[in-house]
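Here is a friendly briefing to read with the model open beside you.

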Amino acid sequence: ARLALLMKPALDSMALRNKNISNLITLGVNPILAANTQYMQHSIISLVINLVGLQNAVYGILGFKNDKEGKDILYKVIETATDIASKKGKKDLGMSTIVTMTESDGTERFIALDGGKYGKNSVQQITNAELNPDLAQRDASLKINKETYSQGIVLDIDTLLGLTGKSAEIIECDKISKTLSGGLLIQIVMPKGTDVSKIKKVIEKASSITNSFKPVMKVSTCGNCGFKDEKLVDKCPTCKSTYII
């Protein structure tokens, strides 16, 4: 019920912002966009609700464990959000409204805002909640959920290589993806320096059991010339720069 109360004004504000931006473009406030208005009038813009931090909310705030009961609550939240967005979009706004679980550029801002409101210790406990038991047992460098809110589903390469299309993790991803109206991000996290042959094997395996996924691995890059290599450490072998990102 609270989710419904929070989503409705959020969707109203998004629709109002969309209308205001369209009006400003039509009035020529932004010359570059105004010059292409004739093409924009044929476009269909969807309002997007991204369920960032959903796992943190269910497992961290509500206190559920990452088991059947916890996942049932997770699915219920997704179903409720999708239903509300669909009905609100069609009935009140007359716009396409979708719900997704994908990446967001605002997670750091969300954490800062929540830290100021509820305290940094409270937020840290939520971000460190055990969202993925298999992932939590791996190298700390794999914990991409740490110090951020959850974005989609995260799998590490060793776990993925042991899965099939009928594994519980893949069935869960398929179920969530079908429920969401805007898609699900599945991140395949690889340790820095993973062998190229293993990366190829993981990508082939993921392609055979999932519809879509995103490989994630930290790669050292020369900030001067852009050279990338797993052996890039202190100095770039191409330009000799020490500016390594």
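A salt bridge here is a side-chain nitrogen of Lys or Arg within 4 Å of a carboxyl oxygen of Asp or Glu. Asp 12, Lys 88 and Asp 92 are linked in a network of such bridges. Please keep in mind that this is a predicted model, where local features need pLDDT of at least 70 and side-chain atom pairs count only at pLDDT 80 or more, while totals for chains, interfaces and linings use all residues. Residues are numbered from 1 along each chain as its sequence is written, and side-chain values use heavy atoms, leaving out hydrogens and water.

**Salt bridges**

- By the rule above, the count comes to eight salt bridges.
- Asp 12 and Lys 88 meet through their side chains at 3.2 Å, N to O. Asp 12 lies in helix α1 and Lys 88 in helix α5, so this pair ties together parts that are 76 residues apart in sequence. Helices (H or I, at least four residues) and strands (E, at least two) are DSSP runs, numbered from the N terminus.
- Lys 88 counts as buried at 10% relative accessibility, and Asp 12 counts as partly exposed at 35%. Buried means under 20% relative accessible area, exposed over 50%, and partly exposed in between (1.4 Å probe, protein chains only).
- Lys 214 forms a salt bridge with Glu 103, with the closest N and O atoms 2.7 Å apart. This pair links distant parts of the chain, 111 residues apart: Lys 214 is in strand β5, and Glu 103 is in the loop between β2 (97-100) and α6.
- The side chains of Asp 158 and Lys 198 form a salt bridge too, at 3.1 Å, N to O. Asp 158 sits in helix α9 (residues 157-161) and Lys 198 in helix α11, 40 residues apart.

**Helix α11**

- Lys 201 is also placed in helix α11 (residues 196-209), and at 51% relative accessibility Lys 201 counts as exposed.

- Lys 240 has a phi near 70°, a positive value in a residue other than glycine. Most residues other than glycine have a negative phi.
- Lys 240 lies in the segment after β5 (214-216) and counts as exposed, at 54% relative accessibility.
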